[in-house]
Structure formats: structure tokens, C-alpha cells
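Let's work through a few "how do you know?" questions together. Have a look at the model first.

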Amino acid sequence: MKKYFLYIFSAIIAFTSCDDTTDTLGMSISEATEHLTIQVSADEFNVESHSVEAPKAVSRSASGYLGKIKDPETNSIITCNYMTQQRTMGTGFQFPELDSIYVKDYDASKPRYDQILADSAELTIYFPSFFGDSLAQMTVIAHELKNAYQEKDVDKIYIDFDPDKEGKIRKDEGSIHSQVSFTYANHTKSDTELNSSAYVPYVTFSLNQPYTKDGVTYNNYGTYLMRKYFNPETSQYFNNQYDFVNKINPGFYIETLGGIGCMGKITSTRINVFFRGIDKGNPVDMYTVFAGTDEVMQKTQFTTTAEESKKTEMLTSNECTYIKTPAYIYTEITLPIEEILYCHEDDTLSTARVFVPRINDKAHSQYSLDIPKNLLLLPTDSVDNFFKSKKLADSRMYFLTTFDSKNNGYTYNNISD
């Protein structure tokens, strides 16, 4: 969300070209009988720009975001909700052998796996960085998904996707809807823990309510996972990611319900299952982890609610043009190709440089969004395909540059290709 505001007005494009007098270049060099003169010249052209309402883009964020903030410059509300899947257990977090799981009041006449009880389970989201007020009280809720989002459909998931409208959230009796309120500062922790270098801010959703799936009720979600894992008829679903998300755990959708003023950047999510094992005949506390990482699907849903009058004003402004991401306003620039050709019809283009100056924010607030570090330039008709096809900046069709604080703007050094 640090890429939210940029102001752009007319840019200058500088061309360095050479006269097209090189037809005898090879002869001149080989015979060394003539002196070749290459005339290099530069020219400048005005580039027109205007604000356009941005089309929705495919969700490609490698990081997740959760929360709600208000932009002080436009009074628009930006809300981020988060969908995550978990991968099956990784190395070091496998359940022990079935006989090593402690079962209270074990009945030998029944299958052991059907008597396992997890002590508790939780879904934890870690967000080491945030934007906004660390004391803002936020309320979020974790919904269990009914159907998993599929990897083959990843190009159909846009930044405004809505699992609720798509019918992907479980709403029948016994499904998970765990709500929690928190602040980023988390004053429930001691100063010693908060100041520890190992501490990463987090929010935890309880998964300890009775859980029902396929007509069977478990005392909590952890017991459901453990019994499915040890049941010979379902244990194979933990062997690969596809079966795990489609037949065991489709994932969770984390929705921002209340509060405003804080947005956290999520690095990972995990389901922790706590249970008791047996060590040398004695019960011992153990746990395992189902993590949400880059290896599985994680998507952020962005929604922006803006004042219509302010939105219209920005789209029609003649003073400057705007870039407002993730799904609001882009700046479209028009290169004066005909004018360039008219002035340099006999020249060979060597370099074309575009400079995009930035206008400083008029609003002053401690919660103003930061200056975008990077800015992408690409053809208008390639916006959708760029994200769908997982394109990268290649300095031929797609150009990426970083903010130049000295000149207060962005320079694309060569777009001549």
C-alpha cells in the first residue's frame, strides 16, 4: 500500500539521434581514406497525460494485507481483506506415529484414530510491518472457505474478488467464523516480549469451537485435522497440496469488520494444532503446524470507497494527472509520434528518455501514504495481459523505474525500442 499516490503532469521526452549518413561507414573505416562525421542532436517534446479510471487488475501481490485506512488527501477508504490456503505439514512438523498420540481412556474395541482429541487449535497471522495508527482498534473475522480457489483459475482472481458473493464461504452449522479485536501495538504482551528481536506482531483466531464437517462433529478443528490424518481412508489427502486444499482444508478468508486507521502487511499464516503425545510412557505437550507460504495461494482483496465528487475532480483535473493504486486511477500518457517523425524523418533514433515529475502532496498528515518507490510504464492495451501472464519489466515493452528524490520524479532512461 505504499504505492498509492503519485501526481503527474506533462512530461518531457528527450531524444538523441544521429543523421542518417552512415551508408559508407564500412568503406570509410576499411580504407581509412575518408573521415566519417556523425552528428548527434537532442530534441524535446511535450507529452500529454490525462487521468483515467483504472481497470481491475489480476491479483498478483506476493504479500497479503489486512486492515482499513483513510487517505487524508482524498478521504477515500481503502479496505484490505485476505484469503489464504495452508500447505500440508512440512519437515519437522509431522504428526508422530499413531501409537505415540496420547488417548485418554483408550478403548481397544474402537479405532485409535477415532479417539484422538486435540487440546486446541488456532489460526495465526503474522504481520511484521504496518501502516497507520498502532493503537487503532481493529476487528477482523476468519471465515472457513467451502471451496478452494484453484491454481488453474489464478488468472481469473482480480483484486476485487469476493468469496462471499462467489459462494465460497461455508455458512452451514458447525462452520468456522472466528472473530477477534486487536491493536498492532498489542499491549496484552509484556514490554520484554514486545522488545525482543524475535517478536513478530500477530493476531490469533481461535479454532476451538465445536466443528462439523460431512455430518461429523468434532470438539475443535484440530481434532478434525488429526483424525483425518490418521484415518486410513483419508490419510492420503495429506500427501499432496491439491488433495489437501480440495478435500481437507480449502483455506480461510479474513475479513475486516470494524475499525479504521491501521493496515498490516502479512508475511505468513499458520494453523497450530496442540495435542498430547507419549514420551517414555508419559504424556507430553506437542504441536504441529500447517503454514501458509508463497508455495500456496494467498490473495489480497482491495476495495476503495471514494467520494464521487472527489473522484470526478481527480479524473477531470487540468492541473495534474494522478496515479492511485491498487484500483482507482491511472495516468495515461500519449507520445507525440507524428511530431517526432516529422522533425526527424531522416534520423536514426538512438535514445528516448521520459521524465515524469512528481507534485508534492497538498495534504499534511502523519498518516499520509508514502511516495511510491517504483513506477511501471507499459502500453495501455497490455495492462490486463501484463498481470495475467505474469510478465516482468523487460526494458522493451514494459519499463520499471525508481523514484529519484533529487529530481523529485521518475526517469525512464531509454524507451526507444
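Before we start: a contact means heavy atoms within 4.5 Å of each other. And keep in mind that this is a predicted model.

Q: What share of the contacts between residues at least 6 apart in sequence joins residues at least 24 apart?
A: It's 78% of those contacts in the protein.

Q: Why is T79 called buried?
A: Buried means under 20% relative accessible area. T79 comes in at 11%, so T79 counts as buried.

Q: Where does T79 sit, and what is T79 in contact with?
A: T79 lies in strand β5, which covers residues 77-84. Setting aside neighbours within four places in sequence, T79 is in contact with G67, K68, T256, Q301, F302 and T303.

Q: How do you know that β15 and β16 pair?
A: Two strands pair if there are at least two bridges between them. β15 (residues 268-279) and β16 have 11 bridges, in the antiparallel sense. One of the links: R270 has A291 in β16 as its bridge partner.

Q: Which strands make up the open sheet, and in what order?
A: Four of them, in the order β10-β6-β15-β16, with antiparallel pairing.

Q: What makes β10 and β16 edge strands?
A: β10 (202-206) and β16 (282-292) each have a single partner strand, so one side of each has no neighbour in the sheet. From one strand to the next, the twist averages 25°.

Q: What does helix α3 touch when it packs on the sheet?
A: Helix α3 (residues 221-230) touches β6, β15 and β16, and its direction makes about 70° with that of β15.

Methods. Residues are numbered from 1 along each chain as its sequence is written. This is a predicted model: local features need pLDDT of at least 70, side-chain atom pairs count only at pLDDT 80 or more; totals for chains, interfaces and linings use all residues. Side-chain values use heavy atoms; hydrogens and water are left out. Helices (H or I, at least four residues) and strands (E, at least two) are DSSP runs, numbered from the N terminus. Buried means under 20% relative accessible area, exposed over 50%, partly exposed in between (1.4 Å probe, protein chains only). Axes are lines fitted to C-alpha atoms, for helices over the stretch in contact, and angles run from 0 to 180 degrees between N-to-C directions.
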